[in-house]
Amino acid sequence: MFTEINTKLIEIKGDLRKKQKFEAQIEDFQKEYKVVEERIAQLQMTYKSEEKDVTQLEKMTLKHLFALLSGTKDEKLSKEKQELIAAKHKLEEASKTKSEINKAILDLKNKLHTLDNVESRYKQLLSEKEKMIKASHSPHADKMFELSEQEGILKAYIQELEEAIVAGTRVKHDLLEAQTSLEKASNWGTFDMFGGGSISSFVKHQHLDEAEASIHKAQTSMRYFQKELLDIQEEAHLEIDISGMLKFADFFFDGFFVDMMVQGKINDSLEQTKSQLTKVSEILSNLSEQFEARKAEVETIGQERKELIENL
């Protein structure tokens, strides 16, 4: 009887913590969703403005004809088209992020729905526990239930640590892929600067496309990593600003089409990626230490409870 209710208490503690976690994640996602919506509205205005500039330049007025003859119109039109493509790309990127956040919110709400009655189930178990303690003539019964409460809290925390480690490992993998692509782009870019020709330029941009895909994946996985850390950030004593790290990909996407052709920009993006890798690795190291320490605590509690059961 004691073992059965102990097991239920451990499970219900985990469910209670999950509910709190999902609620905090939904709230944080909703804040982020609002920010992305505002960004999309701004980007739509920028895109329309750039589109208008291109359309105006393409009209053949007398003024534009003189500009064309002097060789300035083509240059300006090329620059405006680059800016139009960049604006379109950033708008698509923000829209993709908005869809991903919306899906994440819906998924969390579905998970939360399965935990609707968790508080009432917990109160019911507490009531059963009180009755069992009163009915028991063992001096160890109260201590037994206290240990089961501690074990439930610890096991729930361990599960959250494990989920955060998995999410962080995914971020690290995506960042490593981006780093590899950027390093290749940088090497080919250097070759291109010294007269590598169209082939080296093509290969460089191919690696930049790969880096772009990896950085989007990294930003998405970073978002989930940050949400996993919401509940445990204080307990795990994390001092790194995870929310600030979410913005690192903006550095890459904001200048991809216009500035990424410049070798210095590629190298800057590479350094930013390496910096994020270092931060994520530090967090993962911290989480792994916490994970091992909490597992040891659970083992200690389990041993203490075993000794109490033997004396009941």
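**View 1. The charged end of K227 rests over the ring of F29.** Welcome to this predicted model, in which local features need pLDDT of at least 70, side-chain atom pairs count only at pLDDT 80 or more, and totals for chains, interfaces and linings use all residues. Residues are numbered from 1 along each chain as its sequence is written, and side-chain values use heavy atoms, with hydrogens and water left out. The charged end of K227 lies 4.5 Å from the centre of the F29 ring. A charge sits over a ring if NZ of Lys or CZ of Arg is within 6 Å of the ring centre and within 35 degrees of the ring normal.

**View 2. F29 also pairs with Y224.** A search of the whole structure turns up 1 aromatic pair. The ring centres of F29 and Y224 are 6.0 Å apart and their planes meet at 65 degrees, so this pair is edge-to-face (Phe, Tyr and Trp rings, the six-membered one for Trp, pair with centres within 6.5 Å; planes under 30 degrees apart are stacked, over 60 edge-to-face, the rest tilted). F29 is buried at 2% relative accessible area, while Y224, at 36%, is partly exposed (buried is under 20%, exposed over 50%, partly exposed in between; 1.4 Å probe, protein chains only).

**View 3. Here is the largest nonpolar core, with 25 residues.** F225, L229, I232, V280 and L287 touch the most other members. A nonpolar core is a set of buried Ala, Val, Leu, Ile, Met, Phe, Trp, Tyr and Cys residues joined through side-chain atoms within 4.5 Å.

**View 4. A second, separate core has 19 residues.** Among them are F22, Y33, A87 and L91.
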